[in-house]
Amino acid sequence: KGIVEKRWQEEVERAKFELFPALPQKETCYPQDLPVAYGETRITVMVRDPFWAYAYWEIEPEKLEELKRTIGKDAQQAQMILRVYDITDIEFNGTNAHHYFDIEITAMANNWYINLGAPHKTFCLDIGLKTTTGEFYLLARSNIIKTPRAWMSEILDEQWMSTQEEFEKVYALSGGYRVG
């Protein structure tokens, strides 16, 4: 009984000097931190604006090593590449893009901002290894994105047009004809 009373007394003394007592921690079913990796080889791309996209990826080390074994001796000099395909208005099969460009990335990178350079187009990305002989070995293919226009719509909807008479009435009601 003496031990319990002593602990209670210590608790009372400590509480005298606390401005805000600690709130009890609520248990949740969610982890406190997101995992660093999910153990999948995949790449995802998102539109940032009409000219830029953002890509992020994860490459399983085992899958990368397997690809390097497939490549053989050229794997030592192979460069990690993001290959950006313009696939506007086509059913993309992996080889029929209008054109593509490559971005060399470091092996440690796991995300990249990409200047697409062209609004109102459709794109897809591959991540893989490119050998010194120019051969490309695919690790993962992204989703397809379509960048928005960088200009106003060409569609003119007559339903929303106003006549000069209506315009002048609204302008006058807003005080537009008053000077000063």
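Good morning. I begin with Trp57, which is buried, at a relative accessible area of 8%; buried means under 20%, exposed over 50%, and partly exposed in between, with a 1.4 Å probe and protein chains only. What we are looking at is a predicted model, in which local features need pLDDT of at least 70 and side-chain atom pairs count only at pLDDT 80 or more, while totals for chains, interfaces and linings use all residues. Residues are numbered from 1 along each chain as its sequence is written, and side-chain values use heavy atoms, without hydrogens and water.

Trp57 belongs to strand β2, residues 52–58. Strands here are DSSP runs of E with at least two residues, helices are runs of H or I with at least four, and both are numbered from the N terminus. Which residues does Trp57 touch, leaving aside those up to four places away in sequence? They are Arg42, Ile43, Leu82, Ile105, Ala109, Asn110, Asn111, Trp112 and Ile127, where contact means heavy atoms within 4.5 Å. Thr44 stands 13 residues from Trp57 in sequence, with 6.2 Å between their C-alpha atoms.

Let me turn to the sheet. Four strands make up an open, antiparallel sheet in the order β4-β3-β6-β7; two strands pair if DSSP finds at least two bridges between them. Because β4 (99–104) and β7 (136–146) are at the edges with a single partner strand each, one side of each has no neighbour in the sheet. From one strand to the next, the twist averages 20 degrees. Angles run from 0 to 180 degrees between N-to-C directions, and axes are lines fitted to C-alpha atoms, for helices over the stretch in contact.

Within this sheet, eight bridges connect β3 (residues 79–86) with β6 (residues 122–130). Val84 has Leu125 of β6 as its bridge partner. Helix α2, residues 61–71, lies across β3, β6 and β7, and runs at about 125 degrees to β7.

Two loop residues deserve mention. Asp89, in the loop between β3 and β4, has a positive phi of about 60 degrees although it is not a glycine. At 75% relative accessibility, Asp89 is exposed. His120 lies in the loop between β5 (111–115) and β6, and its phi is also positive, near 60 degrees. Is His120 buried, exposed or partly exposed? With a relative accessibility of 35%, His120 counts as partly exposed.

Finally, Tyr171 is located in helix α3, residues 164–173, and is partly exposed at 36% relative accessibility. Thank you.
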